[in-house]
Amino acid sequence: MSASSMRAVGWARSLPLNSEVKVARDWARDHLEALGWTECAPQTVDAVLLTVSELVTNAHVHARSSAQLVLTWDTRCLHVVVHDASTDLPARRAPSTERLGGRGMLLVEALADEWYAWPCPDGKIVHACFRPPAAVTDAGDC
């Protein structure tokens, strides 16, 4: 498929600092259900929802910021993108029995096909890509 013939669909949602992470998960689940993924790719859906939870939690807790969540399906990858107001990039930390948190980016790395983060003028963007199983067609449907 050439870049000029690429089809994409996407959604965006702003999540204020005082919103619950469950709102982000439910919103993402609704869009994945609309794509038909909850039926044909439930493990991918679970991975996406856990990643959404981790990235939005990081925005709220570590960046002390609202989160802008964008989901985009381009027929090759479901892009999960979260923007927050901090320029501090996330980093993997070694698991520790001494603290409760600190495993979020390890989870994202394990679940996503790839992830990366980069600073931008008003904060940072964290991006995770999920390639669905072969059961998902080019249109995103099962």
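This is a tour of the structure, one selection at a time.

**Before starting**

The model is predicted: local features need pLDDT of at least 70, side-chain atom pairs count only at pLDDT 80 or more, and totals for chains, interfaces and linings use all residues. Residues are numbered from 1 along each chain as its sequence is written, and side-chain values use heavy atoms, with hydrogens and water left out.

**The whole chain**

Show the protein chain as a cartoon. Its secondary structure comes to four helices and five strands. Helices (H or I, at least four residues) and strands (E, at least two) are DSSP runs, numbered from the N terminus. Starting from the N terminus, the order of elements is β-α-α-α-β-β-α-β-β.

Colour by accessibility next. Of the 142 residues in the protein chain, 43% are buried. Buried means under 20% relative accessible area, exposed over 50%, and partly exposed in between, with a 1.4 Å probe and protein chains only. Among the contacts in the chain with a separation of 6 or more, 63% are between residues 24 or more positions apart; contact means heavy atoms within 4.5 Å.

**The largest nonpolar core**

Select Trp37, Val52, Val56, Leu69, Leu78, Val80 and Phe130. Within the largest nonpolar core, which has 32 residues, these touch the most other members. A nonpolar core is a set of buried Ala, Val, Leu, Ile, Met, Phe, Trp, Tyr and Cys residues joined through side-chain atoms within 4.5 Å. Two or more core residues come from each of strand 1 (9-15), helix 1 (21-34), helix 2 (37-40), helix 3, strand 2, strand 3, helix 4 and strand 5. Helix 3 gives the largest share, eight residues. In soluble globular proteins, nonpolar side chains tend to be buried together.

Centre on valine 56. Leaving out residues up to four places away in sequence, valine 56 touches Leu15, Val21, Ala24, Ala67 and Val82.

**Helix 1 against helix 3**

Show helix 1 and helix 3 together. Their axes come within 9 Å and cross at roughly 145°. The axes are lines fitted to C-alpha atoms, for helices over the stretch in contact, and angles run from 0 to 180 degrees between N-to-C directions. The crossing is right-handed, that is, the near helix is turned clockwise from the far one by less than a right angle.

From helix 1, Val21, Ala24, Arg25, Ala28, Arg29 and Leu32 meet Val45, Val48, Leu49, Val52, Ser53, Val56, Thr57 and His60 of helix 3.

Move to helix 4 (residues 104-111), where the buried residues are Gly104, Met105 and Val108. Seen down the helix axis, these buried residues fall within an arc of 90°, so they line one face of the helix; the arc is that of the directions from the helix axis to the C-beta atoms. Their cover includes helix 3 (42-61), strand 4 (114-120) and strand 5 (123-130).

Now pick asparagine 58, in helix 3. Asparagine 58 is buried, with a relative accessible area of 17%. Apart from neighbours within four places in sequence, asparagine 58 is in contact with Ala63 and Met105.

**The disulfide**

Select cysteine 77 and cysteine 129, which are joined by a disulfide (S to S 1.9 Å). Cysteine 77 lies in the loop between strand 2 (67-73) and strand 3 (78-84) and cysteine 129 in strand 5, so the pair ties together parts that are 52 residues apart in sequence. A search of the whole structure finds one disulfide, defined as a pair of cysteine sulfur atoms within 2.5 Å. Cysteine 77 and cysteine 129 are both buried. Cysteine 120 is buried too, at a relative accessible area of 18%.

**Lysine 124**

Stay on strand 5 and select lysine 124. Lysine 124 is buried, with a relative accessible area of 6%. Not counting residues up to four places away in sequence, lysine 124 touches Ala63, Val82, His83, Asp84, Ser86, Asp88, Leu89, Pro90, Trp118 and Pro119. From lysine 124 to threonine 87 is 5.1 Å, C-alpha to C-alpha, although the two are 37 residues apart in sequence.

**Two positive phi angles**

Finish in the loops. Arginine 64, in the loop between helix 3 and strand 2, is not a glycine but has a positive phi of about 50°. Arginine 64 is exposed, with a relative accessible area of 66%. Threonine 75, in the loop between strand 2 and strand 3, is not a glycine either and has a positive phi of about 75°. Threonine 75 counts as buried, at 14% relative accessibility.
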